[in-house]
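Please look over the sequence and the model before reading on.

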Amino acid sequence: MVTVASILASPMQQRALSVKIEDHQFSVLYEASDKAHLLSTSAPHASSWLLVTPANGLDLHLDPNELQSAVKWWLGVDTARENSCSLCPDAALDRLGNHAATCKRGGDVVSRHNRLRDLVLEFCCRAHQVVRVEEGSGLTPDHSRTRPADILALDWDTQPSM
């Protein structure tokens with residue numbers, strides 16, 4: 001195990017000594033989520049989103065609440081307004097808002113998923129494919145529709161090829 005005393009005991013240049021001390025402090029002082037946040041915000045080009053010029057026509061803009069939340073997350077400021085998620089009350093909200101961004105019942109994961117689904121739907125419609133959104137296939141033995149398809153392509157084999 002590396003200790004501060006063992007680092008100071010070996011001869012080295014100031015820069016190398018500083019790097020070893022910083023690495024040791026990083027490994028000891030931070031929790032895994034804090035390490036991930038620090039590494040992700042300090043990566044090359046990680047702050048590029050702050051330099052983007054908003055363009056409403058291209059849907060490349062943040063409303064004031066979204067911008068405020070994003071900057072708070074970026075700075076590591078407490079973003080949780082409540083103690084639990086309104087969509088899954090058994091889940092506690094963390095101070096950085098990671099649960100809100102990754103909640104499977106809402107949040108950014110669902111928004112991204114739905115935008116991608118809608119884009120694929122648009123392409124299918126342009127190609128004159130017969131598709132339905134969020135509908136069960138009815139292909140299970142008991143004809144149940146327990147889990148709907150994001151996009152269900154009907155008669156895929158018989159549709160004309162492009």
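The text below treats salt bridges and then aromatic pairs.

The model is predicted, with local features requiring pLDDT of at least 70 and side-chain atom pairs counted only at pLDDT 80 or more, while totals for chains, interfaces and linings use all residues. Residues are numbered from 1 along each chain as its sequence is written, and side-chain values rest on heavy atoms, without hydrogens and water.

## Salt bridges

Side chains of opposite charge can pair when their charged atoms come close. A salt bridge is a side-chain nitrogen of Lys or Arg within 4 Å of a carboxyl oxygen of Asp or Glu.

Accessibility is described here by relative accessible area: buried is under 20%, exposed is over 50%, and partly exposed lies in between (1.4 Å probe, protein chains only). R117 is buried because its relative accessibility is 16%, whereas D118, at 37%, is partly exposed.

R126 and E122 also meet through their side chains in a salt bridge, with an N to O distance of 2.5 Å. Both residues belong to helix α6 (residues 107-126), where they are four residues apart, about one turn of the helix. Helices are DSSP runs of H or I with at least four residues, strands are runs of E with at least two, and both are numbered from the N terminus. With a relative accessible area of 57%, R126 is exposed; E122 is partly exposed at 36%.

## Aromatic pairs

A pair of aromatic rings is described by the distance of the centres and the angle of the planes. Rings of Phe, Tyr and Trp (its six-membered ring) pair if their centres lie within 6.5 Å; planes under 30 degrees apart are stacked, over 60 edge-to-face, and the rest tilted. The whole structure contains two aromatic pairs by this search, tabulated here.

| Pair | Distance of centres | Angle of planes | Class |
|---|---|---|---|
| W49 and W74 | 5.9 Å | 75° | edge-to-face |
| W73 and W74 | 6.5 Å | 50° | tilted |

W74 is buried, at 17% relative accessible area, while W49 is partly exposed at 30%. W73 is partly exposed, with a relative accessibility of 30%. Together, W49, W73 and W74 make up one aromatic cluster.
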